[in-house]
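Good morning, and thank you for coming.

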Amino acid sequence: MRNERNRYILFKIIHNGILSLDHSDILKSIWKSIWYFFGIKEATKIGLWVIEIDLEKEFGIIRCAHQTKEVLITALSLITEINGFKVILSPVKTSGTIKSMKRESYLKKP
Amino acid sequence: MSYFESRLRLNVENFEEIKNKFTICEKLGIKNVIIEPIGKLKNLGIDLREKLESLTKMHLFYRTCFRPKNVDELKNKLSSNRKLPTIFSIETPNKEVQIQAAKDSRVDVISFTDPITMKTLTSGIISLSKQNNSFIEISLTSMMVTNKAQQSKNFRELYRIAHSVSSLTNNFIISGNFEDPYHLKHPRALISICHTLLGLSIIDAKKAFKENVKRLIKRVQDRYDTNFIENGVKFIKEGE
């Protein structure tokens, strides 16, 4: 059986300066958005996995199945608030390998 | 040129808010924005344009939106503003005005932003605008309402309108038109939303955010080009 291909999505976390959240809050809100907009049918296909979330550098990397890339981008984009904090989770780049994702210039900024 | 945010409403009396919106747009990575100035100073002078352009590195384009109540008001507004080098859009739930706007070659865009206006869109208006080479604009602002029941209804209306427009014409654009700066999204994210939730194909959605907007801007530039006569006919300088 052929292995399922993955996609890595890099997203920016844009907020208004004050943000006291942890990784689980962001993950919960992503799942909530997937459930609300797409339901269980799509949620089962996604294969969501958090690779990295850096709140200081304001970015995150998540992994999903390659067929559900657009679903996950939509779910990320439609998040406007996490625990009462206004945030934008804006997808920047998608990639098939984590190696090419790490080459993204956005991640190299100090 | 990459994707366009086809409608960003800015209150030109509040420059702090404009700066904030521009900062968020730049953080999102938006490169091209079509601005719709609102407020008392909405008549775009060169000073105002220079001031806006000094605030950002993004490519700025301009549009003016009219909301006429009847056909006479539409004609008056179009004739009094005809020298403004901007995109002219019309937004009204009045069908008579929509039909007249679709027939008028001075109108570039007929906008359908809120659910009430969206319900008034008919295939006749789409056909008329197609004949006239003007554009139909669908705005995604209604999907960001907080009331979940209303949001579902708005999604249904957006789905219906997106399918009827995309099946009948190529001349359509999709804009974000978000009021709250934290509702702003990169056009690529909006393409995903159109594909997954509104059922548009990725190719159609990309056209609505890129090629069609470029064609719209070219249409306006050609209108103010004195050498341009009509599609395919243009005076050229010797040796050009």
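A few conventions come before that. This is a predicted model, in which local features need pLDDT of at least 70 and side-chain atom pairs count only at pLDDT 80 or more, while totals for chains, interfaces and linings use all residues. Residues are numbered from 1 along each chain as its sequence is written, chains are lettered from A and ligands numbered from 1 in the order in which they are written, and side-chain values use heavy atoms, with hydrogens and water left out.

Let me turn to the interface. On the side of chain A, 20 residues are in contact with 24 residues of chain B, where contact means heavy atoms within 4.5 Å. Together the two chains bury about 1700 Å², and 63% of that lies on carbon and sulfur atoms. Buried area here is the accessible area, taken with a 1.4 Å probe, that two parts lose on being put together, summed over both. Within chain A, the residues that lose the most area to chain B are Tyr36(A), Glu70(A) and Ile88(A), which together make up 28% of what that side buries.

The count of salt bridges between chain A and chain B is 2. By salt bridge I mean a side-chain nitrogen of Lys or Arg within 4 Å of a carboxyl oxygen of Asp or Glu. Glu70(A) forms a salt bridge with Arg188(B), with 2.9 Å between the closest N and O atoms.

Glu70(A) also belongs to helix H2 of chain A, residues 69-77, and is among its buried residues. How many of the 9 residues of this helix are buried? The number is 9 of 9, and the helix is mostly covered. Helices are DSSP runs of H or I with at least four residues, strands are runs of E with at least two, and both are numbered from the N terminus. Buried means under 20% relative accessible area, exposed means over 50%, and partly exposed lies in between, with a 1.4 Å probe and protein chains only. The cover over the buried residues of H2(A) includes S1, H1, S3 and S5 of chain A, together with H8 and helix H9 (202-209) of chain B.

Now to salt bridges within chains. Over all chains, the structure holds 19 of them. One joins Glu42(A) and Lys45(A), at 3.4 Å from N to O. These two residues are 3 apart in helix H1 (residues 23-46) of chain A, which means that about one helical turn separates them.

In chain B, Arg9(B) and Glu179(B) form a salt bridge, their closest N and O atoms being 3.2 Å apart. Arg9(B) lies in strand S1 (residues 4-11) and Glu179(B) in the loop between strand S7 (172-175) and helix H8 (187-196), so the pair ties together parts that are 170 residues apart in sequence. Arg9(B) is partly exposed at 22% relative accessible area, and Glu179(B) is partly exposed at 43%.

Through shared partners, salt bridges join Arg7(B), Glu36(B), Arg63(B), Arg67(B), Glu91(B) and Glu137(B) into one network.

Finally, the surface. Ile229(B), in strand S8 (residues 228-230) of chain B, is partly exposed at 46% relative accessibility. Ile229(B), Val233(B) and Phe235(B) make a nonpolar surface patch of about 290 Å². Patches are made of residues with over 30% relative accessible area and no salt bridge, with like charges joined within 9 Å and nonpolar side chains (Val, Leu, Ile, Met, Phe, Trp, Tyr) within 5 Å. Accessible areas come from the Shrake-Rupley method with a 1.4 Å probe, and for residues only the protein chains shown count as cover.
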